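I opened a notebook for this structure and set down, entry by entry, what I looked up. The structure itself comes first, and my notes follow.

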Amino acid sequence: MKILYLDIDALRPDHLGCYGYHRNTSPNIDRIAEQGVRFTNHYASDVPCAPSRSALFSSQFGIHNGVVNHGGLQADMRPIGKDRPFNFHDSQYQTWVDTLRSKNMHTAIISPFPGRHEAWHILRGFLETYDTGKHAGETADDVTKEALDWLESRGREKEDWFLYLNVWDPHTPYRTPASYGNPFEKEPAPEWLTEEMIAEHRDSFGPYSARDLPPVRQWPGIPEEIRDRDDFKAWIDGYDTAIRYVDEHIGKIIDQLEKQEILEETIIIISADHGENQGELNVYGDHQLADHITCRIPFIISGPDIASGLVDEDLHYQIDVGPTLAELAGGKRREKWDGQSFLPAIIDGKSSGRPHLVVSQCAWSCQRGVRFDHWMLIRTYHDGLKELPDFMLFDIEKDPHETNNLIDEHPEVVAKGLRILDEWVTEQMKTSDSPVDPMWSVIHEGGPFHTRDDLDLDRYLQKLYKEGRNEPAARLEQRYR
């Protein structure tokens, strides 16, 4: 068995053709989706980057493994304590990658992520590890070069392997080489964001909001602010061009598999660590919320013994991927895993989803979101210097971009969502090795890492007043003081 896992950082599914996007960003990804199973409601349980990949590789919720932040106490995995075994092989703490390895699969990872985030725990079970060396400044070209070399040297040499690749291009700052051009120069941006919404965003505040975009800009034409629809188009062009650039390199990897005559025996997975808000709730080019946009990610799987041409609309966590692959390889689920296998869904097309999902964010804000029926309920515990209400409810079938907060219109739906959230927290704490909910540790440390370290309250208020944004500054100051 050969498995290739392509993790595309900050890739939101609705900017891919196979998920209905109007721009041709992803012809190679679309072709893989046509030949396999595409999941429409696949969510990262914990976001953003480090919490998500920690959850993925441990198959544990952040409330259990402890990694919910990008700094401070809750950026590290919880120690096992006195019950820690000599090694984790065949123990309840074994990771699913190590399970693949125990089934004689050669496991390898090509990614700068462990070093960028000091997240060495995700390397458990990997026989080969390679850091592309640019601290997430890589382009798809850098990663593809190493992937092609690995496939040429290992692809046919090893009968069974698992190769995990990590590309960063859709993550700000958009880094597509200028020589690549803009394939979407004459194509309109998504229509949902209106001039009126942009004006409201500009009168508000928050990290990566319309007037506070990330300061580093690499791709030509990226605006300093979102002033109008033209700026929004230029911004989205940078994001979509990065996706198209990655897609072309995926095509090169597929060509290499075909050249080595192993394409037909390779399972290909395409997914992401989190989505990317592009104006939703006044966040542009970042992943700061426990909402539908930040937490929903693509998941596409294709290959031998995988059903062809199917769309799975059930609710799934990304922590369910590991148990699925472990079962596919003949391994068994470990007691400490929160993930559940959805193997019947990808083999026979049988429903294997969950009744609801709870997703969490603690690096840019402290939120938990509940995804159930066609609703997303979001509870904000710490707003991360953003103008967010304590409760939000969105009908994501009718309003996928979260423009209309229905919290006052549907009290019975709110009650159901809050009950699900309370029951979930209660169950997770009952089964936790620690009596502490890590989200509350983050709050007591001073809040989300990025809004107490990268951009603290005093510096941000000074910035707002200096720019003459007195009313938004006064509202922010009132919220905290």
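Which residue in β7 does Leu6 stand opposite? I found that Leu6 stands opposite Ile270 in β7.

**What I am working from.** I noted that this is a predicted model, in which local features need pLDDT of at least 70 and side-chain atom pairs count only at pLDDT 80 or more, while totals for chains, interfaces and linings use all residues. Residues are numbered from 1 along each chain as its sequence is written, and side-chain values use heavy atoms, with hydrogens and water left out. The helices (H or I, at least four residues) and strands (E, at least two) are DSSP runs, numbered from the N terminus.

**The open sheet.** I followed 8 strands through an open sheet of mixed pairing, in the order β5-β4-β6-β1-β7-β10-β2-β11; two strands pair if DSSP finds at least two bridges between them. β5 (128-130) and β11 stand at the edges with a single partner strand each, so one side of each has no neighbour in the sheet. On average, neighbouring strands of this sheet are turned by 15 degrees against each other, direction ignored. Within the sheet I looked up β1 (residues 2-8) and β7 (residues 266-271), which run parallel and are joined by 6 bridges.

Axes are lines fitted to C-alpha atoms, for helices over the stretch in contact, and angles run from 0 to 180 degrees between N-to-C directions. The contact (heavy atoms within 4.5 Å) involves Pro27, Asn28, Ile29 and Ile32 of α1, and on α8 the residues Arg244, Asp247, Glu248, Ile250, Gly251 and Ile254. In α1 I listed Asn28, Ile29, Asp30, Ile32 and Ala33 as buried, where buried means under 20% relative accessible area, exposed over 50% and partly exposed in between (1.4 Å probe, protein chains only). These buried residues pack against β1, β2 (37-43), α8, β7 and β10 (296-302).

For α6 (residues 140-154) and α8, I read axes that come within 10 Å and cross at roughly 10 degrees. That makes α6 roughly parallel to α8. I also noted that α6 lies across β4 (106-110), β5 and β6 (161-167), running at about 170 degrees to β6.

β12 pairs with β3 (residues 46-47) in the parallel sense over 2 bridges, and with β13 in the antiparallel sense over 6 bridges. A hairpin of 4 residues joins β12 to β13. β13 in turn runs antiparallel to β14, with 7 bridges between them, and Gln367 stands opposite Thr380 in β14. β14 is mostly covered, 6 of its 8 residues being buried, and it pairs with β15 in the antiparallel sense over 5 bridges.

**Helix α12.** Which residues of α12 are buried? I listed Val413, Val414, Gly417, Ile420, Leu421, Trp424, Val425 and Gln428. They cover an arc of only 125 degrees around the axis, which puts them on the same side of α12; the arc is that of the directions from the helix axis to the C-beta atoms. On the other side of α12, I found Pro411, Glu412, Asp422 and Lys430 exposed. What covers the buried residues includes α3 (62-65), β11 (310-317), β12 (356-361), β13 (366-372), β14 (375-382) and β15 (391-395).

**Backbone notes.** Most residues other than glycine have a negative phi, and most peptide bonds are trans. I therefore wrote down Ser59, whose phi is near 55 degrees, and which is buried, with a relative accessible area of 0%. Asp373, in the loop between β13 and β14, has a positive phi of about 45 degrees and is partly exposed, at 46%. I noted two cis peptide bonds as well: Val47 to Pro48, with omega near 5 degrees, and Thr172 to Pro173, with omega near 0 degrees.

Notes
Angles under 35 degrees count as roughly parallel, over 145 as roughly antiparallel, 65 to 115 as roughly perpendicular and the rest as oblique.
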